[in-house]
Amino acid sequence: MVDTYEYLDSTAAEQARLAAVRRYQLVDRPTEAAYDRIAYIAATIVDTPIASVTMVEADRVWLAACYGLAVRQIGSEPGLCASAIGQDGVYVVRNAVEDPRTTEHPLVTGDLKLRFYAAAPIRTRDGFRLGTVNVIDRKPREPEPKHLRSLEYLAEIVADELELRLMAIRGALG
């Protein structure tokens with residue numbers, strides 16, 4: 001494991017981030033239409049065959065919604081979602097077989113043959129980066145700035161949806 005991914009360790013900051021992921025009660029739940037729509041819109045805007053809304057846990061990445069891929073979780077290996085939450089802006093891998101961050105990632109070397117990946121982190125109002133809105137292609141790509149900005153806007157919409165979800169959870173508790 002590369003030691004530059006310290007945000008996925010047992011530090012107090014990471015424990016607080018994981019608590020934030022849990023407070024929204026989205027992991028290990030059926031997909032919801034709001035997040036499915038976001039994944040579809042992301043894929044449509046960027047014209048990719050795959051898009052997802054993810055939550056990054058300590059040992060896995062939970063796909064809260066996924067368009068074009070029938071999985072609900074993947075490993076949290078560095079290079080994709082687990083790395084994308086380590087920065088504020090959009091994380092882009094133009095050609096995964098040539099990018100040193102991803103050459104050994106299972107989604108690159110395995111059956112999926114991922115080549116292009118772009119992800120905007122989902123940031124809560126209190127500053128935690130929980131996961132991503134991302135798009136994936138099996139061929140290398142050079143994204144347009146408008147596509148990257150669209151991913152950022154979609155991640156902001158997911159963050160807003162999560163806050164509404166949290167209000168509903170807290171309202172149900174009394």
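**Helix α2**

Modeller: Helix α2 is followed by Asp 47, whose phi is positive, near 60 degrees. Helices (H or I, at least four residues) and strands (E, at least two) are DSSP runs, numbered from the N terminus. The model is predicted, so local features need pLDDT of at least 70 and side-chain atom pairs pLDDT 80 or more, while totals for chains, interfaces and linings use all residues. Residues are numbered from 1 along each chain as its sequence is written, and side-chain values use heavy atoms, without hydrogens or water.

α2 has 14 residues. From first C-alpha to last it reaches 20 Å, close to the 20 Å expected at 1.5 Å a residue (1.5 Å times one less than the residue count).

Now the inward side. Ala 34, Tyr 35, Ile 38, Ala 39, Ala 42, Ala 43 and Val 46 are buried (under 20% relative accessible area, 1.4 Å probe, protein chains only). They pack against β1 (50-56), β2 (61-67), β5 (116-123), β6 (129-137) and α5 (145-173), with contact meaning heavy atoms within 4.5 Å.

Val 158 lies in α5. It is buried, at 1% relative accessible area. Val 158 touches Tyr 35 and Ile 38, as well as Val 53, Ile 122 and Val 133, not counting residues up to four places away in sequence. The C-alpha atoms of Val 158 and Ile 122 are 6.9 Å apart, across 36 residues of chain.

Tyr 40 is in α2. It is partly exposed, at 44% (between 20% and 50%). Tyr 40, Ile 41, Ile 45 and Tyr 67 make a nonpolar surface patch of about 340 Å². Patch residues have over 30% relative accessible area and no salt bridge, with nonpolar side chains (Val, Leu, Ile, Met, Phe, Trp, Tyr) joined within 5 Å and like charges within 9 Å. A salt bridge is a Lys or Arg side-chain nitrogen within 4 Å of an Asp or Glu carboxyl oxygen. Areas are Shrake-Rupley, 1.4 Å probe; for residues, only the protein chains shown count as cover. α2 gives the most to this patch, with three residues.
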